[in-house]
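Here is a short walk through one protein model. Keep the sequence and the 3D view side by side as you read.

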Amino acid sequence: SDPQDFQYVRQTMMRMLNKAYDDTKPDLIVLTGDNILGNHLDDARFYTPLIVKDKQSEAKAMKIAIDKLISPIEERKIPFAMVYGNHDDRNRLSKDEQADYYRAYSCNVGLDGIDSGDCDTYNIPIYSEDGKTIKFNIWMIDSAWHDKEQDKCFEMVKPEAIEWYKRTSAALKEQNGGEPVPSLMFQHIPMLETLELIEECSAEDFGAVKGPENKYYKLKDDCAGVMGEYPCTVSQKNGQLEAMKECGDIKAVVFGHDHTNCFTGVIDGINVVQTSCASFRCYGSRMRGVRVFDIDEATGNYETFFLTYEDIVGKSLWNELCYIWDADGM
């Protein structure tokens with residue numbers, strides 16, 4: 001999640017990602033938004049914030065930025081899917097125009113949302129090893145868009161996306177003999193209900209982070225992982241959680257967006273998975289890395305674990321120096 005870089009990509013992130021691809025040998029790579037930095041596509045190597053002034057220059061910079069991220073995946077012939085984040089849309093090119101850059105790669109899967117409300121709201125059926133039946137499903141859900149006329153970013157899942165999910169889930173259920181197809185749902189910005197996983201605490205409590213009104217919060221005891229910042233969620237509830245409970249197919253809903261949050265919890269029987277950033281260009285923590293999902297065909301269940309930069313590249317003076325050199329905040 002959140003590779004969030006531009007044409008002068010931080011090489012430490014790419015080295016980390018390349019090694020993660022080679023070590024885990026994934027069947028599918030899912031990019032969960034803020035795949036590029038957005039309106040700072042012309043920044044210099046040493047971060048002088050320069051905003052591209054025209055659409056043609058922006059398109060050129062964006063194409064390079066996307067290629068730096070996707071080429072290593074394409075070279076390894078690994079299928080990939082992506083959804084947009086709030087940063088991806090903060091420029092002159094529309095989501096559909098950007099999507100053409102991703103679609104140009106032979107390993108792209110998806111970006112074919114037709115009646116869902118956005119091209120990056122779609123689903124990916126995963127078939128049995130013999131290719132005959134759908135055993136699992138991946139939902140990709142858009143959660144943010146920038147209104148260029150108002151120059152305002154809206155952070156929410158559109159109601160039409162929720163209705164599309166319910167219709168499509170019902171169709172998959174019918175194909176599956178009346179049983180819901182077990183699924184993972186990926187989107188960039190966390191649901192508002194994610195706040196149910198935290199509780200108010202004192203500033204001295206272990207894991208406490210500052211939230212609104214100078215109050216402090218921590219993860220509840222039945223959650224696992226690290227909360228490095230107060231969750232930044234979508235602006236409103238829109239029936240998404242109720243739809244997931246009604247459809248009964250979601251094993252877990254997975255978010256990015258909050259760069260220093262990496263935790264899991266349960267809300268109304270649905271697993272909530274928060275993934276910290278891969279980016280070295282933007283703020284982050286020692287939790288920079290990638291999340292891995294292992295899906296079992298026989299049971300329809302999954303396991304997940306997170307690999308940090310250190311887990312992936314190992315401990316050494318050289319790797320530490322690379323981290324210090326390239327990681328914003330260092």
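Predicted model: local features only at pLDDT ≥ 70, side-chain atom pairs only at ≥ 80, totals over all residues.

The largest pocket has a volume of about 1,100 Å³. It is lined by 39 residues, and Pro26, Asp27, Leu28, Ile29 and Phe293 are the closest to its centre. Strand β15 gives the most to this lining, with six residues. Other elements supply at least two residues each, among them α1 (11–24), β1 (29–31) and β12 (250–255).

Leu317, Leu321, Ile324 and Met330 make a nonpolar patch of about 400 Å². Leu321 sits in helix α7 (residues 317–326). Its relative accessibility is 46%, so Leu321 counts as partly exposed.

Next, the charged pairs. Side chains of opposite charge can pair when their charged atoms come close. The structure holds 16 salt bridges. In one of them, Asp5 meets Arg281 at 2.9 Å, N to O. The two are 276 residues apart: Asp5 lies in the segment before α1, Arg281 in the loop between β14 (270–274) and β15. Asp5 is buried, at 4% relative accessible area. Arg281 is buried as well, at 1%.

Lys55 pairs with Glu97, and their closest N and O atoms are 2.9 Å apart. This bridge links helix α2 (residues 55–75) to helix α3 (residues 95–103). Here Lys55 is partly exposed, at 38% relative accessibility. Glu97 is also partly exposed, at 31%.

Finally, look at Glu163, Lys166 and Glu246, which are linked in a network of salt bridges.

Note on methods: Residues numbered from 1 in each chain as written. Heavy atoms only, no water. 1 Å grid on protein atoms, 1.4 Å probe; cavity = no way out; pocket = protein on both sides within 12 Å on 5 of 7 lines; lining within 4 Å. Points joined across faces, edges and corners; volume = space filled by probe spheres on them. Helix = DSSP H or I, 4+ residues; strand = E, 2+ residues; numbered from the N terminus. Patch = residues over 30% accessible without salt bridge, like charges linked within 9 Å, V, L, I, M, F, W, Y side chains within 5 Å. Areas by Shrake-Rupley, 256 points an atom, 1.4 Å probe, with all protein chains shown as cover. Salt bridge = Lys/Arg side-chain N within 4 Å of Asp/Glu carboxyl O. Buried < 20%, exposed > 50% of the residue type's maximum accessible area, 1.4 Å probe, protein only.
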